[in-house]
Amino acid sequence: LSIDNSGCLPTRGTKKRLRPTSFADWDGENKEELTSSEPSIVDFQHSIRPVLTFFALMDQLSAIFSPSMEDDTIGDCAETLVMTVEDCLRCKSFDELLLRTKTTLDPQEILGLVQTGLKA
């Protein structure tokens with residue numbers, strides 16, 4: 001058969017692929033709030049973003065899912081879910097993400113829940 005190797009050569013594709021960051025860069029947002037001694041929602045925004053994205057994803061899934069879905073419908077739903085995640089990833093600020101994910105809680109309420117969770 002003249003097989004020389006498994007085909008899993010480490011030299012294959014020597015160019016490193018740069019992966020995009022998972023969220024838009026929010027590091028420059030609300031610098032004046034970062035100097036406060038009281039914790040604010042800005043202090044926890046990087047931790048909260050994935051949770052809000054997950055909630056938006058589950059909200060969309062519950063809106064489009066049906067137990068009797070056909071294969072082509074499942075494909076369309078998968079595209080919709082991908083678009084939901086991409087929309088969340090494109091948000092330029094925490095406030096924009098709150099709007100995009102249809103979050104009804106006020107940022108101070110979210111902060112209170114986060115702080116309660118940290119104490120538990």
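Helix 2 is the main contributor to the lining of the largest pocket, giving 5 residues. The model is predicted, so that local features need pLDDT of at least 70 and side-chain atom pairs count only at pLDDT 80 or more, while totals for chains, interfaces and linings use all residues. Residues are numbered from 1 along each chain as its sequence is written, and side-chain values use heavy atoms, with hydrogens and water left out.

**Pocket.** A pocket is an open set of points on a 1 Å grid over the protein atoms alone, where a 1.4 Å probe fits, with protein on both sides within 12 Å along at least five of seven lines; lining residues have an atom within 4 Å of a point. The largest pocket holds about 240 Å³ of space, a volume being the space filled by probe spheres set on the points. Of its 13 lining residues, Leu-52, Phe-55, Thr-103, Leu-105 and Ile-110 lie nearest the centre. Helix 2 and helix 5 each supply at least two residues of this lining.

**Overall architecture.** The protein has 5 helices and 0 strands; helices (H or I, at least four residues) and strands (E, at least two) are DSSP runs, numbered from the N terminus.

| Property of the protein | Value |
|---|---|
| Buried residues | 22% of 120 residues |

Buried means under 20% relative accessible area, and areas come from the Shrake-Rupley method with a 1.4 Å probe.

**Core and helix 2.** A nonpolar core is a set of buried Ala, Val, Leu, Ile, Met, Phe, Trp, Tyr and Cys residues joined through side-chain atoms within 4.5 Å. The largest such core has 13 residues, of which Ile-41, Ile-48, Leu-52, Phe-94, Leu-97, Leu-98 and Ile-110 touch the most other members. Two or more residues come from each of helix 2 (41-64), helix 4 (94-100) and helix 5 (107-119), and helix 2 gives the most, with 6 residues. Beyond its neighbours within four places in sequence, Leu-98 is in contact with Leu-52, Thr-103, Pro-107 and Ile-110, where contact means heavy atoms within 4.5 Å. Helix 2 has a kink of about 55° at Ser-47, shortly before the proline Pro-50; the bend is the angle between axes fitted to the seven residues ending at a residue and the seven starting there.

**Thr-84.** This residue lies in helix 3 (residues 71-90) and is buried, with a relative accessible area of 14%. Leaving aside neighbours within four places in sequence, Thr-84 contacts Ala-56, Leu-57 and Gln-60.

Methods: Buried means under 20% relative accessible area, exposed over 50%, partly exposed in between (1.4 Å probe, protein chains only).
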